[in-house]
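Student: I'm new to this one and don't want the whole tour. Please pick a single part and take me through it slowly, then show me how to read the chain around it.

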Amino acid sequence: MTSREPALPLYHLGGRCRSIPGPVRTVLLGATGSIGTQTVDLALQHPGEIRLEGLTTRSRVADLAVLVKRLEDVGAADRPWISVLDIDAHAAAAADPILSRRLLPPGEDGLLAAAGLEGVDCVVNGLVGAAGLAPTLVAAERGRRLALANKESLVIGGGLVAEAVRRGGAEVIPVDSEHSALAQCLCGRSPEELESLILTASGGPCRDWDAVQLANASRADVLAHPTWEMGPKITVDSATLMNKGLEVIEAHVLFGVAYDAIDVVVHPGSVVHSLAVFRDGAMMAQLGAPDMRVPLLYAITGERHLPLATDRIDLKALGALRFAAPDEERFPCLRLARDAGRAGGRMTIALNAANEEVVAAFLADRVGFLDIPRIIASTLDSTEPADVSDLETALAYDREARRLAKERIPTL
Ligand code: NDP
Ligand code: MG
């Protein structure tokens with residue numbers, strides 16, 4: 001078994017996460033979400049280090065106006081560019097004294113314009129779902145540092161992102177806590193030293209539930225995540241273990257490590273964020289409180305480890321670290337994702353598209369928890385593997401998989 005594939009990894013192993021001297025001129029995609037507001041919090045703590053040149057939302061314009069005002073009050077922004085996707089919300093932004101000053105067009109045009117703004121060092125992609133891919137490609141073509149939280153970009157378009165990164169001379173720094181941990185462990189290491197990766201998983205709120213409890217798991221049960229506070233889609237993904245499945249694919253794309261050499265271990269405390277295993281058996285891990293601002297700060301500003309007001313782990317109080325094997329019988333999404341990852345191309349697009357549709361249906365109380373893996377598996381069974389060479393093909397496969405998944409979701 002070889003642990004690495006011939007394809008060049010996206011994350012430059014052996015390189016370093018270059019420090020960008022502050023203020024890092026930053027565009028924040030998805031400013032009103034969980035990742036977005038945590039990024040704003042970092043800029044508020046470090047106005048001299050992070051300066052927001054552009055912010056986007058889908059529809060939450062009132063929230064966005066508050067964020068911009070707070071940023072301007074501390075000098076972390078000055079009349080930033082604003083993109084509002086939704087057409088009605090855009091009309092509201094046009095009537096807002098703060099947001100209307102530099103308002104980009106509504107729809108994807110404005111979002112892509114924000115992703116490609118001139119005079120920017122770093123683009124934080126905190127969008128959720130496949131909608132993040134096109135902005136990722138724009139930022140990569142422009143040669144920006146991409147602080148990438150939107151893992152779906154890499155799951156559905158890993159090859160396309162890699163090409164755009166090479167063409168544009170961009171750098172991708174993962175924000176996902178596991179991949180940030182790995183990036184920090186692998187920083188300055190030669191690729192030959194690496195043998196395998198171990199991703200940790202909290203196991204989610206339903207970790208110890210039996211089949212009957214899982215069948216009856218409600219939206220409220222699933223949204224009560226034990227360690228992380230995140231947007232609704234990724235919280236459901238954490239409960240099904242699809243999040244970890246998407247992260248296995250993300251790790252494969254980022255670090256160029258073969259699927260057989262990427263292991264997953266359940267670690268309920270979310271203290272160890274992931275581990276790199278070297279060829280002499282040495283394991284290197286990154287530990288810390290579960291706080292996404294840590295990987296965000298690292299991705300935006302680089303290896304400087306700037307000060308951050310966050311909890312410190314008290315190892316003496318903690319006493320022990322617990323690890324266990326994931327149960328792929330009760331949580332089949334992990335296996336579905338691995339299989340789709342191995343097949344590559346169209347299959348990872350179908351996996352992600354079916355997952356997005358069925359998770360939205362679960363959040364709308366239209367399907368049960370166990371319908372999630374069932375509908376994804378059935379969608380994948382009806383999909384023929386194929387390569388993906390451009391964004392249009394990727395989007396066409398995405399639409400087709402959504403159609404197949406929706407056919408399998410009962411209508412009200
Ligand atoms: P949220 O749902 O909290 O936020 C998503 C943001 O994107 C919001 O600003 C939302 O606007 C905007 N948005 C949603 N859909 C679209 C669209 N179609 N087009 C343009 N903008 C859109 O998500 P999270 O912050 O939780 O997650 C963002 C990404 O980061 C995901 O890929 C997730 O997997 C990843 N991630 C998140 C973590 C976390 O702790 N939250 C941890 C690790 C990874 P509006 O507010 O108007 O809806
Ligand atoms: Mg993660």
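Tutor: Let's go for the metal site. A donor here is an N, O or S atom within 2.8 Å of the metal (3.2 Å for Na, K and Ca), and since water is not among the atoms, a site may look incomplete. The model is predicted, so to speak of local features we need pLDDT of at least 70, and side-chain atom pairs count only at pLDDT 80 or more, while totals for chains, interfaces and linings use all residues. Residues are numbered from 1 along each chain as its sequence is written, chains are lettered from A and ligands numbered from 1 in the order in which they are written, and side-chain values use heavy atoms, with hydrogens and water left out.

Now find the magnesium ion (ligand 2): its protein donors are Asp176 (OD), Glu178 (OE) and Glu247 (OE), lying 2.1 to 2.3 Å from it. Along the sequence, these donor residues follow the spacing D-x1-E-x68-E. Asp176 counts as buried because its relative accessibility is 7%; buried means under 20% relative accessible area, exposed over 50%, and partly exposed in between (1.4 Å probe, protein chains only). Glu178 is buried too, with a relative accessible area of 7%.

Next, look at strand β6, residues 171-174. Helices (H or I, at least four residues) and strands (E, at least two) are DSSP runs, numbered from the N terminus. Glu171 and Ile173 point one way from β6, Val172 and Pro174 point the other way, and all are buried. Strand β5 (residues 145-148) runs parallel to β6, and four bridges join them; two strands pair if DSSP finds at least two bridges between them.

Gly22 and Pro23 are joined by a cis peptide bond, with omega about 0 degrees, and Pro23 lies in the segment before β1 (24-29). Ser270 isn't a glycine, yet has a positive phi of about 50 degrees. You'll find Ser270 in the loop between β8 (262-266) and β9 (272-278), buried at a relative accessible area of 6%. Asp365, also not a glycine, has a positive phi of about 60 degrees. Asp365 sits in the loop between α15 (346-363) and α16 (371-381) and is exposed, with a relative accessible area of 59%.
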